[in-house]
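Here's a quick briefing for anyone meeting this structure for the first time. Have a look at it, then read on for its cavities, pocket, cores and one of its helices.

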Amino acid sequence: MLNFGRGRNQTRSSRSMSLGGMDYPDPKKKSSFVGKILLAAGLTALCILMLKQSPSFNAPSPFSHQEDGVTHVLVTGGAGYIGSHASLRLLKDKYRVTIVDNLSRGNLGAVRVLQELFPEPGRLQFIYADLGDAKAVNKIFSENAFDAVMHFAAVAYVGESTLFPLKYYHNITSNTLVVLEAMAAHGVKKLIYSSTCATYGEPEKMPITEVTPQAPINPYGKAKKMAEDIILDFSKNSNMAVMILRYFNVIGSDPEGRLGEAPRPELREHGRISGACFDAASGTMPGLKVKGTDYDTPDGTCVRDYIDVTDLVDAHVKALEKAVPKKVGIYNVGTGKGRSVKEFVEACKQATGKPIKVDYLPRRPGDYAKVYSDPSKIMRELNWTARYTDLKESLQTAWRWQQSHRGGYGNI
């Protein structure tokens, strides 16, 4: 049955026609709708055309192509304690810097400090990524024109490594392999590798030289040595320039107070002795736990070579400048002088002006009695020498940052 009836409240211009239960729109309404679509499409096309004619629309990112006179460095782990200080130094020296970090140990606040200091386009970019994700790493290399890589990213606590060894082998050894494969695939020819004196283990003779046998005794040192071995094996049939820096115990912070060390609270137990001393001095922790008083050292506590972070990043920059294709340089980075844990605690008391309660406990698994470097090779070949060698002064600098950043970098 055909129904041509019109509802009382429906005007001719807006009604639909019904035929056999099917509704058909009013042709005039359809024409109006199509016209609006065509108008919107035309305006969109015009906007795109105008944008394409803009000089900045098709301009590639400055990070995606090489530029004469500008060296672009990828800093893995650049949001961390040492990596952020290295990034600061590189930026001050007019390098272009890309930081890649998954923020598992690093601080976004450190990156924001760097961004505020160097806001100019093409100076600094931050990429959130995990080096264990080979696909993501390959994408980063394909979209950026790197001239060199400073590879800091790593978990780095001896005690933690004995509890979670697989985490350390994956994070250090496996991830270094991913980075090296990406460098090879994309033709990046310069690698500065952040290694450690832990690869030496507990040598029979002191000081440690670059030819001291490597016999690590904890998973951290073993994982780093494995990564070194991978790099060295690859370099034998490559024209890559490689520098491996084995450094000792890092302390201090940026002398101008812009960056510092801000470990996560849950990692305090495994962290550096400087952080533990500061926690005890500030009352964050009830006291300092010194693990091991029966080592074969003058006062029974471990002896270490403490290197200021400012000196350490200076060594990295000099290594970058001196790296030569098809050559491998291996250097110890230290002061050449060992200090005991008890000496360190006394220096920390003087630097903070605070009494520090000390609890003496049994040895920590994976520790060794004494390690300190012979830095003569790096002095001779890279013209590097440690300048910030006063233990109390380095600790005072770090303490000032800690006092002005009670919450670290905050929740940013």
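The lining of the largest cavity splits into three nonpolar, two polar and four charged residues. (Ala, Val, Leu, Ile, Met, Phe, Trp, Tyr, Cys and Pro count as nonpolar, Asp, Glu, Lys and Arg as charged, and the others, Gly among them, as polar.) Keep in mind that this is a predicted model: local features need pLDDT of at least 70, side-chain atom pairs count only at pLDDT 80 or more, and totals for chains, interfaces and linings use all residues. Residues are numbered from 1 along each chain as its sequence is written, and side-chain values use heavy atoms, with hydrogens and water left out.

**Cavities**
- On a 1 Å grid over the protein atoms alone, a cavity is a set of points where a 1.4 Å probe fits but cannot get out, a pocket is an open set with protein on both sides within 12 Å along at least five of seven lines, and lining residues have an atom within 4 Å of a point.
- The largest cavity holds about 60 Å³ of space; a volume is the space filled by probe spheres set on the points, which are joined across faces, edges and corners.
- Its lining includes Glu 261, Pro 263, Arg 268 and Asp 279.
- There are three cavities of 30 Å³ or more.

**Second largest pocket**
- This pocket has a volume of about 460 Å³.
- It has 24 lining residues, and Ala 262, Pro 263, Arg 268, Gly 407 and Gly 408 lie nearest its centre.
- Helices H8 (273-282) and H12 (391-404) are the elements giving two or more residues to that lining (helices are DSSP runs of H or I, at least four residues, and strands are runs of E, at least two, numbered from the N terminus).
- H8 supplies the largest share, four residues.
- By class, the pocket lining has eight nonpolar, eleven polar and five charged residues.

**Nonpolar cores**
- A nonpolar core is a set of buried Ala, Val, Leu, Ile, Met, Phe, Trp, Tyr and Cys residues joined through side-chain atoms within 4.5 Å.
- In the largest one, with 47 residues, Leu 90 and Val 333 touch the most other members.
- Helix H9 (residues 309-322) gives the most to this core, seven residues.
- A separate second core of 39 residues includes Tyr 168 and Val 188.

**Helix H2**
- Ten of H2's twelve residues are buried, so the helix is largely enclosed by the rest of the structure (buried means under 20% relative accessible area, exposed over 50%, partly exposed in between, with a 1.4 Å probe and protein chains only).
- Leu 90 is one of those buried residues.
- Just after H2, Lys 94 takes a positive phi of about 75°.
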